[in-house]
Amino acid sequence: MSSPKQFQEKCAAVFRPELRPRIPSHISKALIAATSVLLASTAVFAAAQAPAAAPAASDRITNPVAAFAGIDKITGRIITFDVYIDETVQFGALQVTPRVCYSRPDTEQPKTDSFVEVDEITLDRKIRRIFTGWMFAESPGLNAVEHAVYDVWLKGCKQKSDVPPPTAAKADTGKPKTEAAKARAPAQPADAASEPTDAAPAPDDTTDTN
């Protein structure tokens, strides 16, 4: 068994090269190997404690079309319909208007949501807002539309739809209205000019009085 003095000399030899020749080679190699293992273990422990880099979050996909499903509680009939963003489609007594519709890439966990406004047409032909908020395709019952007869929920988001875009429909309906307005325009002054002509007295009446 070595004395405390010899133990101190062995430990000092690890850090002081000039003392290494005094220590047997097999002891010096063992101390160096032990120190290397200790340093390696410390490095591994420090790496394990370091926070892992957060994975890059994928951007959500903005879609121009929102797909809905609706049910008539009286008849039990369920239909599906597509609505373009910022456009309004009527289902029964409800008017559905999506403002945005987001989805995720196929490599991500499904998460499809849409911010929707739903109005009700009352019996006296007034419009009353009954829902404003987010709808989730994966959880249709989370934010449900409360109505006595109709239910509407989000089915998904689309990039394309079989329904024609609303801009094309507006262009078709707007053109005849413009032409009709132009056709009616010249008729108004003609009618107004004919009124004073009919009201004027006939020249023969003035001749007879003389």
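Tutor: The answer below takes the core and then the disulfide. This is a predicted model, in which local features need pLDDT of at least 70 and side-chain atom pairs count only at pLDDT 80 or more, while totals for chains, interfaces and linings use all residues. Residues are numbered from 1 along each chain as its sequence is written, and side-chain values use heavy atoms, with hydrogens and water left out.

A nonpolar core is a set of buried Ala, Val, Leu, Ile, Met, Phe, Trp, Tyr and Cys residues joined through side-chain atoms within 4.5 Å; buried means under 20% relative accessible area (1.4 Å probe, protein chains only). The largest such core has 18 residues, and those touching the most other members are Phe68, Phe81, Val116, Val118, Met135 and Val152. Two or more residues each come from β2 (65-72), β3 (78-84), β5 (94-103), β6 (113-121), β7 (127-136) and β8 (150-158), where strands are DSSP runs (E, at least two residues), numbered from the N terminus. Strand β8 gives the largest share, four residues. Leaving aside residues up to four places away in sequence, Val116 is in contact (heavy atoms within 4.5 Å) with partners including Phe68, Val96, Phe131 and Met135.

There is one disulfide, defined as a pair of cysteine sulfur atoms within 2.5 Å. Cys101 is joined to Cys157, with S to S at 1.8 Å, and the link is left-handed, at -85° about the S-S bond. Because Cys101 lies in strand β5 and Cys157 in strand β8, the pair ties together parts 56 residues apart in sequence. Cys101 is buried at 0% relative accessibility, and Cys157 is buried at 19%.

Definitions and conventions. Buried < 20%, exposed > 50% of the residue type's maximum accessible area, 1.4 Å probe, protein only.
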